[in-house]
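Me: I have a chain on my screen and some questions about it. Can you walk me through it?

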Amino acid sequence: SDQEIWLGDGRMSRIFHTLNGGDTWDTIALEPYARGITRMKFLNEATGKILCNGQMYHTEDGGITWTENSFHNGYLEEIAWINEDTYVTTGNSGYIFKTENAGYDWTELSSGPREILFDIAYLNSNEALVCGSRVLLKTEDLGASWTQIEMSPENNGMYYSIDFDTEANGWIGSLACLLHSTDGGNSWSKIWPDIDTGFNHFYDVKVIDSVIWAGADSARIFRSVDMGISWEDISIENEYMDVEQLDLIDENTAYVSVRDLPYGKLYKTSDGGNTWSIVEYGMENMFIRSLDFIDNSTGVISVQDTGILRTTDGGENWTYHGKLNDESITHIQFFDDQKIIACNGDYIMGVSGDAGDSWELFYTSNIRDIHINQMDFIDVNHGILVGGSGLIKTFTGNYFTSVENTNLLPENPYLISPNPVE
């Protein structure tokens with residue numbers, strides 16, 4: 001009836017039920033079910049479903065008892081009902097499922113790419129590659145279209161990082177090994193460093209003037225000066241945090257951030273990694289989300305939940321330049337001593353012409369669930385974003401105002417509208 005109302009308390013794992021328009025309420029406790037009711041639908045006084053911490057539960061006795069409707073190992077985000085028997089649910093990584101018999105059987109519906117994308121590398125002003133979880137994509141028109149590069153089964157896996165120093169010569173950081181291309185990323189061969197690297201994840205790989213640096217777990221860093229034929233271990237001594245980001249200035253000079261949440265440090269070398277010195281930035285143990293140096297002396301870092309710090313003397317001194325629209329900055333790119341492009345990892349991007357003191361926002365989105373894992377701008381007018389659920393966005397346009405964004409691969413839906421489905 002129009003007097004019957006069901007309310008879900010997402011924080012306390014309770015459901016409230018009234019039959020008289022809210023004059024009186026019954027309370028139904030959901031323990032021992034996990035907290036976090038995000039969606040709820042009752043088809044009648046007895047039969048209903050909830051999404052609770054990403055899993056679906058079903059009741060046929062007005063919520064007194066619940067059974068888990070397990071059919072997907074991932075996290076479910078939304079339910080939409082067509083009728084009592086037919087409804088659709090969406091999950092993380094772009095999964096969509098449909099049932100036509102009240103949830104007893106489910107059919108998976110395709111929703112486009114689901115892979116997590118991690119990194120970007122430009123070959124020239126038009127060509128770029130994007131790597132991720134079991135996927136490698138290439139564009140020849142700066143993101144207007146993409147093709148997937150077929151990888152041989154022995155090279156298939158996690159591709160964490162990618163970098164090129166010429167249009168032909170590129171490297172990928174993967175699990176326990178590196179991949180090397182000499183034809184612009186169209187084919188790849190596996191490279192096993194000739195020293196003991198351990199079973200490491202190579203989270204960041206950089207190449208400059210044919211010198212390759214690869215950062216891995218436990219502050220382990222490896223370097224090759226002969227195109228990967230031989231390697232030297234230049235790891236930071238007595239440091240056990242994972243390498244978060246490498247920033248190469250030249251073949252001998254690099255800044256490296258390491259972290260073990262919630263802690264972090266910044267190191268610098270000027271002799272090809274033979275020695276490392278710690279760079280203090282005034283916030284002991286707070287990890288660096290992103291860093292970018294335009295030369296040996298001038299650079300910016302984004303510190304956990306704090307904002308941008310800028311140095312012009314190689315980290316001896318830092319000045320604070322605030323946040324992005326009062327949001328923490330997860331990715332930052334420095335073009336000269338003043339121009340910065342930054343994003344907060346979820347839904348907002350901006351550009352600053354005064355080293356971060358003020359910002360002009362050029363991209364915002366209501367979708368906060370799809371995380372941006374990396375951004376790379378070839379100049380202040382052209383860039384690419386990649387993230388979860390196969391997200392790729394390309395940006396072109398005027399530096400300050402007319403930036404156009406395009407979904408090249410579908411942003412997989414997390415919410416369904418209208419709901420109920422008409």
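What follows is a short chat about confidence, sheets, cores and a few single residues.

Me: What is the average pLDDT of the protein chain?
Reply: This is a predicted model. The protein chain averages a pLDDT of 79. A score of at least 70 is reached by 80% of the residues.

Me: Which elements have the lowest and the highest mean pLDDT?
Reply: Strand E39, residues 403–409, has the lowest, with a mean of 34. Strand E17, residues 170–173, has the highest, at 96.

Me: And where is the pLDDT below 50?
Reply: Over residues 398–422. In the model this stretch still has 82 contacts beyond near neighbours in sequence.

Me: Back to E17. What is the strand order in its sheet?
Reply: The order is E16-E17-E18-E19. It is an open sheet of four strands, with antiparallel pairing.

Me: Which strands are at the edges?
Reply: E16 and strand E19 (189–191). Each pairs on one side only.

Me: How much are neighbouring strands turned against each other?
Reply: By 25° on average in this sheet, ignoring direction.

Me: How many bridges join E18 to E19?
Reply: Three, and the two strands run antiparallel. E18 covers residues 178–181. On the E19 side, Ser189 stands opposite His180.

Me: Where does Asn169 sit?
Reply: In the loop between strand E16 (161–164) and E17.

Me: Is Asn169 buried or exposed?
Reply: Asn169 counts as buried, because its relative accessibility is 8% and the cut-off is under 20%.

Me: What does the side chain of Asn169 make a polar contact with?
Reply: The side chain of Asp165, at 2.8 Å. Leaving aside neighbours within four places in sequence, Asn169 is also in contact with residues including His180, Ser181, Val207 and Met227.

Me: What about the loop between E17 and E18? Which residue there has a positive phi?
Reply: Ala176 is in that loop. Ala176 has a positive phi of about 70°, although it is not a glycine. Most residues other than glycine have a negative phi. At 6% relative accessibility, Ala176 counts as buried.

Me: Where does Arg134 lie, and what is its phi?
Reply: Arg134 lies in the loop between strand E13 (128–132) and strand E14 (135–139). Its phi is positive, about 65°, and Arg134 is not a glycine either.

Me: New topic. How many residues does the largest nonpolar core have?
Reply: It has 15. Among those with the most contacts inside it are Trp213, Ile221, Val256 and Trp276. E21, strand E24 (242–248) and strand E25 (254–260) each supply at least two residues of this core.

Me: What lies apart from it?
Reply: Another core, of 13 residues. Its members include Ile149, Met151, Tyr159 and Trp188.

Me: Stay with E21. Where is Ala214, and is Ala214 buried or exposed?
Reply: Ala214 is in strand E21, residues 211–215. Ala214 is buried, with a relative accessible area of 0%.

Me: What is Ala214 in contact with?
Reply: Beyond neighbours within four places in sequence, its contacts include Leu178, Phe202, Arg220, Ile221 and Leu246. Ala214 and Trp171 are 43 residues apart in sequence, with their C-alphas 9.6 Å apart in space.

Me: And E24 and E25: what is the order of their sheet?
Reply: E24-E25-E26-E27, an open sheet of four strands with antiparallel pairing. E24 and strand E27 (277–278) each have a single partner strand, so one side of each is left without a neighbour in the sheet.

Me: How many bridges join E26 to E27?
Reply: Two, and the strands run antiparallel. E26 covers residues 263–269. The bridge partner of Lys268 is Ser277, in E27.

Me: Last one. Where does Thr311 lie, and what does its side chain reach?
Reply: Thr311 lies in strand E30, residues 307–311. Its side chain reaches the backbone nitrogen of Gly315 at 2.9 Å. At 1% relative accessibility, Thr311 counts as buried. Setting aside neighbours within four places in sequence, Thr311 is in contact with residues including Phe293, Ser297, Asn317 and Trp318.

Notes: Residues are numbered from 1 along each chain as its sequence is written. Side-chain values use heavy atoms; hydrogens and water are left out. Buried means under 20% relative accessible area, exposed over 50%, partly exposed in between (1.4 Å probe, protein chains only). Contact means heavy atoms within 4.5 Å. pLDDT is the predictor's confidence in each residue, from 0 to 100. A polar contact is a pair of N or O atoms within 3.5 Å; within protein, one must be able to donate a hydrogen and the other to accept it, and residues adjacent in sequence count only if both atoms are side-chain atoms. A nonpolar core is a set of buried Ala, Val, Leu, Ile, Met, Phe, Trp, Tyr and Cys residues joined through side-chain atoms within 4.5 Å. Two strands pair if DSSP finds at least two bridges between them. Axes are lines fitted to C-alpha atoms, for helices over the stretch in contact, and angles run from 0 to 180 degrees between N-to-C directions.
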